Amino acid sequence: MEVISYSIKSSSQPAKATAVKRPFFLKRLTGRNTTYSFGTVGGAKASPKDMKKRVRLLLLLSATVPLYMLFSLLFSRIAASYDERVRKVDFGEFQIEAETELDKAMFDVALSKEAFYDSEGNVVSSMGEAGETGMLFSDYTYKEPVTYTEYTVKAGDSISVISRDAGLSNISTLIAVNGISNVRYLREGQKLKVPSMDGLIHTVAAGETVEGLSVKYRTAVEDILDVNDLDSYTLTVGQELFIPGAKMDSTSLQRAMGELFAWPITAEYRISSRFGARKDPITGADSYHTGIDLACPTGTAVKASMSGTVAKAGWSNVFGNYVIIKHIDGYQTLYGHLSKIKTKKGAFVNQGELIGLVGSTGYSTGPHLHFTVYKNGKLVNPATLLK
């Protein structure tokens with residue numbers, strides 16, 4: 001069948017008829033009926049060949065809608081889980097440079113030009129390259145009675161600097177003698193009692209003897225007697241004795257220094273990787289893990305492990321969104337792979353304060369917190385500090 005169409009060029013010219021072939025599925029019916037029929041042609045039943053073509057067309061059109069809906073759903077899922085995906089990082093020159101810069105930033109933050117102390121509280125008199133310690137102050141000979149002077153804390157003072165300038169060799173002396181529960185609360189103008197030698201003050205309890213105190217503190221009986229100017233071995237309950245050379249135990253010292261690190265995540269977590277040598281979780285190559293990984297859902301609150309000042313808050317191709325907090329006496333902590341940072345550079349944060357949310361940014365295989373601790377520019381196993 002042919003369909004006749006007319007084009008009118010001008011009123012003076014007769015109409016010219018041209019033949020146009022209609023598509024098979026738009027065949028006009030005969031007569032005055034101008035509607036179109038899918039199954040008939042000119043009032044007659046369509047041929048099997050025409051019917052097959054039309055069925056195929058109908059099936060194709062019917063499949064378009066669900067395919068579109070499926071594509072939209074997949075796209076939305078991919079977009080929603082963007083932060084959850086494993087982002088493979090090519091450790092080329094750019095990534096290696098970024099990691100090196102981050103390490104340098106942490107090292108610079110960790111180092112201090114002030115006096116500092118070792119793990120036993122001994123004040124270090126000088127500092128060599130890369131944070132290595134110098135010589136320690138020499139021990140005292142405890143023969144003369146202890147005397148006390150008063151010191152007024154100045155701006156910028158630290159317990160290690162005050163101890164060093166007073167000629168003391170261990171920071172626990174000033175802490176114990178002054179009953180300091182936390183050195184972070186030292187303030188300008190505060191008065192401190194400074195003894196003429198290292199040691200602790202002990203308050204005598206019922207049943208205690210000089211000999212017993214000598215064993216307890218590993219101090220010679222004669223030194224206890226001489227330093228306290230005692231003429232007798234007899235002690236009275238409530239009497240205060242200065243025990244020369246005695247030091248605070250490590251736990252008490254850490255507590256007083258505010259160095260009892262708290263876990264940065266208080267919600268449920270799993271330690272997915274520990275400090276030290278390990279296999280790279282993506283490449284399988286031998287590597288060294290600089291901290292511990294705490295695996296937990298994206299969005300879990302990340303809190304400051306110890307009070308301090310935010311030294312860095314930004315992006316690294318290795319650690320993704322990260323925060324570095326500087327603490328007292330050369331400590332600082334790194335929190336990596338965050339989905340969001342909830343603090344800013346220069347802010348002072350208290351222990352347990354929210355600083356970010358767990359994520360999987362940077363070089364990561366899934367949502368977790370990477371937690372690193374530095375002490376005077378050197379890596380420290382976080383497991384030895386977390387309580």
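Is Ser364 buried or exposed? In this predicted model, Ser364 is buried, with a relative accessible area of 1%. This residue is found in the loop that runs between β20 (354-358) and β21.

The protein chain contains 7 helices and 22 strands. Of its 387 residues, 39% are buried. The accessible surface amounts to about 22100 Å², and carbon and sulfur atoms contribute 56% of that area. Among contacts in the protein chain with a separation of 6 or more, 62% are between residues 24 or more positions apart.

The mean pLDDT is 75, with 67% of the residues reaching 70 or more. In residues 79-99 the pLDDT is below 50, although this stretch has 25 contacts in the model beyond near neighbours in sequence. Residues 105-113 likewise have a pLDDT below 50, and for this stretch the model shows 22 contacts beyond near neighbours in sequence. Where pLDDT is low, the predicted coordinates should not be read in detail.

A pair of aromatic rings is described by the distance of the centres and the angle of the planes. The count comes to 4 aromatic pairs. In one of them, the ring centres of Phe261 and Tyr331 are 5.4 Å apart and the planes meet at 65°, so the pair is edge-to-face, the term used for angles over 60 degrees. Phe261 belongs to the loop between α7 and β11 (270-273), while Tyr331 belongs to strand β18 (residues 331-341), so this pair ties together parts that are 70 residues apart in sequence. Phe261 and Tyr331 are both buried. Another pair is formed by Tyr335 and Phe371, which is tilted, with 5.4 Å from centre to centre and 50° between the planes. Here, too, distant parts of the chain are linked: Tyr335 lies in strand β18 and Phe371 in strand β21 (residues 368-375), 36 residues apart. Why does Tyr335 count as buried? The relative accessible area of Tyr335 is 0%, and buried means under 20%. Phe371 counts as buried because its relative accessibility is also 0%.

A ring can also have a charged neighbour. Lys193 lies over the face of Tyr148, at 4.3 Å from the ring centre.

Lys247 sits in the loop between β10 (240-244) and α7 (250-256). With a relative accessible area of 41%, Lys247 is partly exposed, because that value falls between the limits of 20% and 50%. Which residues does Lys247 contact, leaving aside its neighbours within four places in sequence? They are Glu120, Asn122, Asn170, Ser172 and Leu200. With Asn122, the side chain of Lys247 makes a polar contact to the side chain at 3.2 Å. The C-alpha atoms of Lys247 and Ile171 are separated by 8.8 Å, and these residues are 76 residues apart along the chain.

Key. Residues are numbered from 1 along each chain as its sequence is written. This is a predicted model: local features need pLDDT of at least 70, side-chain atom pairs count only at pLDDT 80 or more; totals for chains, interfaces and linings use all residues. Side-chain values use heavy atoms; hydrogens and water are left out. Helices (H or I, at least four residues) and strands (E, at least two) are DSSP runs, numbered from the N terminus. Buried means under 20% relative accessible area, exposed over 50%, partly exposed in between (1.4 Å probe, protein chains only). Contact means heavy atoms within 4.5 Å. A polar contact is a pair of N or O atoms within 3.5 Å; within protein, one must be able to donate a hydrogen and the other to accept it, and residues adjacent in sequence count only if both atoms are side-chain atoms. Rings of Phe, Tyr and Trp (its six-membered ring) pair if their centres lie within 6.5 Å; planes under 30 degrees apart count as stacked, over 60 as edge-to-face and the rest as tilted. A charge sits over a ring if NZ of Lys or CZ of Arg is within 6 Å of the ring centre and within 35 degrees of the ring normal. pLDDT is the predictor's confidence in each residue, from 0 to 100. Accessible areas come from the Shrake-Rupley method with a 1.4 Å probe; for residues, only the protein chains shown count as cover.
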